[in-house]
Amino acid sequence: MELLVNNAATYCYTGGKAYDAAKPTVVFIHGVLHDHSVWILQTRYLANHGWNVLAVDLPGHCRSAGEAPSSVEEAAAFVGALLDAAGVKRAALVGHSWGSLIALEAAARLKDRVSHLVLVGTAFPMKVSPQLLEASLNEPEKAMKMVNVFSRSTLAAPPSALGPGTWVYGGSLALNRRVLRSNTAVNVFHRGFKACDSYANGETAIAQITCPVLFLLGEQDQMTQPAAARGLINKATASGKQVKTVTLPVGHHQMGETPDDTLFAIRSFLAT
Amino acid sequence: MPGYSDPGFDTLALHAGAAPDPTTGARAVPIHLTTSFVFESSDHAAALFNLERAGHVYSRISNPTNAVLEQRVAALEGGIGAITTASGQAALHLCIATLMGAGSHIVASTALYGGSQNLLHYTMRRFGIDTTFVKPGDVDGWRAAVRPNTKLFFGETVGNPGLDVLDIPTVSAIAHEAGVPLLVDSTLTSPWLMKPFEHGADLVYHSATKFLSGHGTVIGGIVVDAGSFDWARSHATSGKFAELATPYEGFHNMVFTEESTVGAFLLRARREGLRDFGACMSPHSAWLILQGIETLSLRMERHMHNTQKVVEFLASQPFVSRVGHPLLATHPSHALAQKLLPRGAGSVFSFDMKGNREQGKKFIETLKVFSHLANVGDCRSLVIHPATTTHFRMTDEALAAGGITQGTIRLSIGLEDADDLIDDLKRALKAAEKAGV
């Protein structure tokens, strides 16, 4: 469905179901050079099992208009505006990679409006190597290949999103290219990476959230290595948050390479 | 640098899509000869049917063995995924039937396999889908053939059997200007010789019967999607792709372009095309094709080596009036082949002998190493007379447009010793020449 957020047309995939105010809501936030479609299986399942799903295309990405966010904070403010525009009083937030930082910052700001926080493939700080940052600006094709090589954990994913016969590496690369092409005004690749790289409020934000948090990590993730989430996990635990950590035998393509395990972890957490 | 995480062509040819079987430890890909797959629960069943979870339901739609082949060819082509089909022709039909219905129009190359030409010229017209044929090198012709209802451009990487090389960068640019995708039949080149997606094609299909399987043992096809064509954007301006960009009542009112930004075509092709038309591949066939792909690069290298030797031999024979291979500077696609096909333009080509029809017959019947049959891309060398076999339904005019005459002989060069192939051809040419005396 399309919402008007900050005066910009904003696309949210709803899993094929109309929004129902009586149901709880989950907002899915994608990472750099992704869009709503990376959540296809998890969102479609939840939409058919008692949840409203709003899998958003961030501003300036694919189907959504507006200025692409330059910082995690700017994107987090957008998430609050999205909830307002959709008339959602309270929602669970699920974010992947850059989207996990956006979800984290939004949860810290929105406090009780957030019922659950799921951080998939997260790290803090989420530093991007200078070489990759530079390549994302000047040699995006090369940088996209690097990102997908770092994200892959297997040459033989089991039935994966979209389903049997999908080559996850190729699918992700094609999506990256499409998202990059979708915004002719700015390089959303470089802008997204810069936003990840410069975000400094992670540990403060995790201490400010008021909801349970799930860390959903990839054992073989070379983009956001599990060890890089340790600081956030420790801080959340030390702050007395309800913390759950699930580590899957997968890389950074969690939703694509292990769609079922990713779904089950999210489903189980949302039920708490 | 290719390595575990960034594997090269040969590693992908052996490993993409397959891991040791988690249950038995089997290293080779198991053949899953089962029609159906047990559901874990009612919820699991419903979720699979509603595309909420990935998995196998019924082997007409998907099968674990076929899925390995699909991932493998997608990896080799640089695509996002693939669908195996009963044959190459089933693959072509699946592409057309997924993208259009009655009232639609295709622009296609004249240099097509006879079966494809027949499908477009006769059979699809019966279902209301019209085709305009354009010579592959006629750039203005491709552009001029576009109509408001055009939904697809279609050609072969190298035309069968004249080996006219399709200028994919140019033709795909014209297709994209017109807001339609370019579908390419890559059967004769295989991804070892050319990856059409790197040049601008949007969809590729193979008759996997040929070089992919490589041993003349199995019939099969496969469609690969680059994930590059923006169906939603094109539909928004032209209204041409309602099949992908508007709710489909036949499958949960799904809008395929919303479900998957890059995989809409494959979603509909599998969920509708395989489900309703049913031209699926047997898992046993998929396994045989996988065995072939494991040695694809080794075989293709030898095919190219032998082809070069045979082409050089034929070009030196006074009784041969024309050798139609882009290796030769006289071939109209010589320059384009050097650019797009640096490893070679394939091992299936034609040549014309001097002499009459009876001499042609004598030539074919004298051959001992070459087998006279209707196939190409076998590890064994093959020969056929297109005008009376593969292209026999075509008029003289259509044959000429495809670069075929009554005296054209098509060869598919196999993996035998090159000297033996040349000896065989030498004897047959001599016999044919004598038959005219």
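I began with strand S7 of chain B, residues 221-225, and found it mostly covered, with 5 of its 5 residues buried. I note that the model is a predicted one.

I then looked up the two faces of S7(B). In a regular strand the side chains alternate between the two faces of the sheet.

Next I looked up the partners of S7(B). Strand S1 of chain B, residues 81-85, pairs with S7(B) in the antiparallel sense over 5 bridges. Within this pairing I located B:Ala82 opposite B:Val224. Strand S6 of chain B, residues 203-207, also runs antiparallel to S7(B), and 5 bridges join the two. Here I found B:His206 opposite B:Ile222.

I turned to helix H14 of chain B, residues 296-315. At 1.5 Å a residue, its 20 residues should span 28 Å, and the end C-alpha atoms are 28 Å apart, which agrees.

I recorded the buried residues of H14(B) as B:Leu296, B:Arg299, B:Met300, B:His303, B:Asn306, B:Thr307, B:Val310, B:Val311 and B:Leu314. Viewed down the axis of H14(B), these buried residues fall within an arc of 140°, so they line one face of the helix.

Last, I looked up what the buried residues of H14(B) pack against. I found helices H1 (9-15), H8 (190-193), H13 (283-293) and H18 (418-435), together with strands S8 (320-324) and S9 (348-353), in chain B.

Methods:
Residues numbered from 1 in each chain as written. Chains lettered and ligands numbered in written order. Predicted model: local features only at pLDDT ≥ 70, side-chain atom pairs only at ≥ 80, totals over all residues. Buried ≥ 20, exposed ≤ 12 C-beta atoms within 10 Å, placed from the backbone. Helix = DSSP H or I, 4+ residues; strand = E, 2+ residues; numbered from the N terminus. Pairing = 2+ DSSP bridges. Expected span 1.5 Å × (residues − 1). Arc of directions from axis to C-beta. Contact = placed C-beta atoms within 7 Å.
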